[in-house]
Amino acid sequence: MTFAATRTGPAPDTGAATDTHCPYCSLQCGMRLRATGEVAGGDGDNAAVGDTSLGNAFPGNAATHDAATGEKPVAERPAVEVLERPRFPVNLGALCGKGRTAGALLTGGARLTAPLVRDRRGGPLREASWDEALDRVAEGLAATRRRHGPDAVGVFGGGGLTNEKAYLLGKFARVVLRTANIDYNGRFCMSSAAAANRRAFGLDRGLPFPMADIARTGCVILVGANPAETMPPAVRYFRELRERGGTLIVVDPRRTRTAELADLHLRPQPGSDLALALGLLHLIIADGHRDEDFIARRTTGFEEARAAAMAHWPERVERITGVPVAELRRAVELFTSAPDGMVLTARGPEQQSKGTDTVGAWINVCLATGRAGRPLSGYGCLTGQGNGQGGREHGQKADQLPGYRSIEDPAARAHVAAVWGVRPEDLPGPGTSAYELLAGAGRDGGVRALLLMGSNPVVSAPRAGHVTERLRALDFLAVGDLVLSETAELADVVLPAAQWAEETGTLTNLEGRVILRQKALDPPAGVRGDLTVLRELAARLGVDRGFPDDPEEVFEELRRASAGGQADYAGIDYDRIRAEDGVFWPCPDGAHPGTPRLFLDRFATPDGRARFAAVSHRPAAEEPDAEYPLFLTTGRVLAQYQSGAQTRRVAELNRAAPGPFVEVHPVLARRLGVADGELLAVSSRRGRAVAPARVTDTVRPDTVFMPFHWGGAGRANSLTNPALDPVSRMPEFKVCAVRVERAGPGEDR
């Protein structure tokens, strides 16, 4: 079954439809939703295949009527039709399979429709009223704060939350709970690129130009990205690039669907992207391809970066990366001979313990060739999660305040405190990063109670078995989600959340375009929005003002809080977003046109110059040895998304991608004596995972690949290494050492 970008039928002339956006990736593709008036199916068509954690153990949380609460069953809600929105500029109506089936969870029986509570630790979850559930959450957080202090209470957010939710969640943590310990799962996604962006350019926005510019540049180097599977509607830009005569270079250890589109595919050893970038920079300098005028006028730090690069001569880089010298030279020729060029990275080079330096080295390639700060050129990050950009701008990250302000900057603290009506000295300082927060949970000095919204770290965190143990060790865990995820199954209280089509709010896509998801239908009775939950909890904890549940009112406050910051939304409002199909930040006032293209006149550093990064290759935190002789790398597949909490509950997507697997090269398969489909056990120093073999020459002989969308026995993140980048605190998801062998009887359970 194919799930490439497709078009739905055009919107019919009859029946009201709502302009909105897809709930998944950072493209935030435009779509329209229309309630058909038909009765949706129960828990059959939309239930997960082979997934037992659907919440259907609870009568009011399945497709049956709950007499005790009087809630309507999900099955009685109108079905929703996803329609084309051809004028939205990012996707022009095209949708991938995930977007096309996005309405399934709105009408299926898999979602939660009533709060759940646990009467004793280890006991079963049962349904409860909202008052009981919220009282329990407030008391659980307050009791921990009384016993252990405010920093023993933690908040963990998600990159899929709207800007309004992310903003109010950060405010809740710092004003109501007075805790420093808030972070979010976006730390696992774009944090290394964000850190490198700020170091080089003084500002972090995923793309400093619109997606449409990709098709018009001369050459793109795409590093560790597979948009053909992770964001299929974006592939049109790369196809158009080649149709216009441009070239595409893909850097990836695997021969992915994206790599098959490339003019040149470089296949480095996992964890060697930094050496590869340094080798290209060496050749750019040695062969006379540097733009000396640009370097002199618009950059600093070149000499230090040059000295580091010259220690990475082509033959040395070939030994480290496995990429032949001839291919290194070909890549430099293609990139420097084009009139314009871009380097785009994704999780491949970023999810490493040296991710910030690796991205910095790729930025150096742009700066040395003058391919930055001008039209149709520059460095960009293909942000992953739906609001991965906005989610890190407005306060749910441990070290930031709204507007992408530093929580350690006295002026920033004063500005935000004034908007919030508190004293600057009452705001806490920076907290711990996402993995450190989770790994320290339930310990002295760590968080003892946790409020978690829109994330599933039991599946998505590195060293996931350890993270699961730490979550079990908490004194109190509350989870807000739309389904009973693997993380929600551990909670003391589970709060059912409204879905993307049931509430209005803004998100910021990978271009820095602020867009508006608009409510298309009401949530089921018994489900509340996250803004309402935060308002109710704040009131129970003694703060009865400053937490509205009207998203537009929250956004108006966000505009004031962001004013003057790097991510300045002051000139953006809901009406303008509707009229303009989104507005690019920074946009400081209503007369400002927004900023589709950054850095054309100056970079956002104090002196206006971009900064080279003087970096050198270093190995991954863990490389193969006699005991664990292979590399493991992880990633996504076309029909699933992130931890799979939503997509695993859509039958059509499950038919296309029903479960985990291990890609092994035919040479390795022969050595192991396994055939396609036979069970393999993959072990690391942190855990073990079992999944069927997928024998393919698209992976290197020294490397195995696993997708990370599933929990249970096939959980890839049982294996991954939590070694952290010293700057971004990004874990090293993309490379670790493993051993592979035949699985024993019953190991797939």
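**Notebook: a walk through the predicted chain**

I started with the secondary structure: the protein chain has 24 helices and 32 strands. Both are DSSP runs numbered from the N terminus, helices being H or I over at least four residues and strands being E over at least two. Residues are numbered from 1 along each chain as its sequence is written, and side-chain values use heavy atoms, with hydrogens and water left out.

**Whole chain**

I looked up the overall dimensions next. The C-alpha trace spans about 75 × 65 × 60 Å along its principal axes. For 749 residues, a compact globule would have a radius of gyration near 27 Å, and the chain's 25 Å agrees with that. That radius is taken over C-alpha atoms, and the globule rule is 2.2 Å times the number of residues to the power 0.38.

How much of the chain counts as buried? I got 67% of the 749 residues, where buried means under 20% relative accessible area, exposed over 50%, and partly exposed in between (1.4 Å probe, protein chains only). The accessible surface comes to about 24,400 Å², and 48% of it belongs to carbon and sulfur atoms. Those areas are from the Shrake-Rupley method with a 1.4 Å probe; for residues, only the protein chains shown count as cover.

I then checked contacts, meaning heavy atoms within 4.5 Å. Among those between residues at least 6 apart in sequence, 76% join residues at least 24 apart.

Charges: the mean positions of the 90 positive and 92 negative ones are 2 Å apart. Lys and Arg count as positive, Asp and Glu as negative, while His and the chain ends are not counted. Each charge is placed at NZ of Lys, CZ of Arg, CG of Asp or CD of Glu.

**Around aspartate 204**

I went to aspartate 204, in the loop between α5 (191–201) and β10 (219–223). Aspartate 204 has 1% relative accessibility, so it counts as buried. Which side chain does aspartate 204 join in a polar contact? It is that of asparagine 197, at 3.4 Å. A polar contact here is a pair of N or O atoms within 3.5 Å; within protein, one must be able to donate a hydrogen and the other to accept it, and residues adjacent in sequence count only if both atoms are side-chain atoms.

Skipping neighbours within four places in sequence, I found aspartate 204 in contact with Ala194, Asn197, Arg198, Gln389, Arg392, Tyr404 and Trp585. I followed two of these contacts, Tyr404 and Trp585.

Tyrosine 404 sits in the loop between β16 (400–401) and β17 (405–406). Its phi is near 60°, positive in a residue other than glycine. Tyrosine 404 is buried, with a relative accessible area of 4%.

Tryptophan 585 is joined to proline 586 by a cis peptide bond, with omega about -5°. Proline 586 is in the loop between β23 (583–584) and β24 (610–611).

I noted another positive phi, about 60°, at arginine 178, which is not a glycine. Arginine 178 lies in the loop between α4 (163–176) and β9 (182–184). Is arginine 178 buried or partly exposed? At 40% relative accessibility, it counts as partly exposed.

Lysine 171 is in helix α4. I get 3% relative accessibility for lysine 171, so it counts as buried. Beyond four places in sequence, lysine 171 touches Val176, Trp420, Gly546, Phe547 and Glu557.

Valine 223 lies in strand β10 and is buried, with a relative accessible area of 0%. Leaving out residues up to four places away in sequence, valine 223 touches several others, including Val251, Asp273, Val343 and Trp362. Valine 223 and isoleucine 249 are 26 residues apart in sequence and 8.3 Å apart in space, C-alpha to C-alpha.

Last, I looked at glycine 390 in helix α15 (residues 388–391). Glycine 390 is buried, with a relative accessible area of 0%. Not counting residues up to four places away, glycine 390 touches Asn163, Thr508 and Tyr569. From glycine 390 to aspartate 252 I get 27 Å, C-alpha to C-alpha, and 138 residues in sequence.

Technical notes. This is a predicted model: local features need pLDDT of at least 70, side-chain atom pairs count only at pLDDT 80 or more; totals for chains, interfaces and linings use all residues.
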